[in-house]
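I opened my notebook to look up charged pairs and surface patches. My entries follow in the order I made them.

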Amino acid sequence: MATASRVITFRYLKRFRCIADQCEDTCCGNWRVGVDDDTRVKLEALAARRAEEPSKYVVLHTINEQKSWAMQRAENGNCAMLDDKQGD
């Protein structure tokens, strides 16, 4: 039997949208950013269009026997979706 997870978050995070290279900071650096199933499917489709492995963008985590999808991080800890325009 699956158990529901409870997530506590700040209200402003519901309105958050990444603006990528327009951002003055790397707010997602070293964060584990969760991914819902709809977004995971979109990221896997993006990887397929780019002939890349889906694991470049999403990774399955297991914490306390609970599995969840999250954005993959680059070697520097930043979100894998950031490109060279953003910087470190």
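Is Lys-56 buried, partly exposed or exposed? I looked up its relative accessible area and found 38%, so Lys-56 is partly exposed. I noted at the start that the model is predicted.

Entry on the partner of Lys-56. I found that the side chain of Lys-56 meets that of Glu-52 in a salt bridge, at 3.1 Å from N to O. I checked Glu-52 as well: its relative accessible area is 24%, so Glu-52 is partly exposed.

Entry on the count. I asked how many salt bridges the structure holds. I wrote down 3.

Entry on helix H1. I placed Asp-37 and Arg-40 in this helix, which covers residues 37-49. They are 3 residues apart, about one turn of the helix. Their side chains meet in a salt bridge, and I noted 3.7 Å from N to O. I then looked up Glu-44, whose side chain meets that of Arg-40 in a salt bridge at 3.1 Å, N to O. Why are Glu-44 and Arg-40 separated by about one helical turn? I wrote that this is because they are 4 residues apart in helix H1.

Entry on the network. I saw that Arg-40 is named in the bridge with Asp-37 and in the bridge with Glu-44. I recorded Asp-37, Arg-40 and Glu-44 as linked in a network of salt bridges.

Entry on cover in the network. Is Arg-40 buried or exposed? I found a relative accessible area of 18% for Arg-40. The cut-off for buried is under 20%, so Arg-40 is buried. I found Asp-37 at 47% relative accessibility, so Asp-37 counts as partly exposed. I found Glu-44 at 25%, so Glu-44 also counts as partly exposed.

Entry on a nonpolar patch. I asked which residues make the nonpolar surface patch. I listed Phe-10, Tyr-12, Leu-13 and Phe-16, and noted an area of about 430 Å² for the patch. Leu-13 has its place in the segment before strand S1, which covers 34-35. Its relative accessible area is 33%, so I marked Leu-13 as partly exposed.

How values were computed:
Residues numbered from 1 in each chain as written. Predicted model: local features only at pLDDT ≥ 70, side-chain atom pairs only at ≥ 80, totals over all residues. Heavy atoms only, no water. Patch = residues over 30% accessible without salt bridge, like charges linked within 9 Å, V, L, I, M, F, W, Y side chains within 5 Å. Areas by Shrake-Rupley, 256 points an atom, 1.4 Å probe, with all protein chains shown as cover. Salt bridge = Lys/Arg side-chain N within 4 Å of Asp/Glu carboxyl O. Helix = DSSP H or I, 4+ residues; strand = E, 2+ residues; numbered from the N terminus. Buried < 20%, exposed > 50% of the residue type's maximum accessible area, 1.4 Å probe, protein only.
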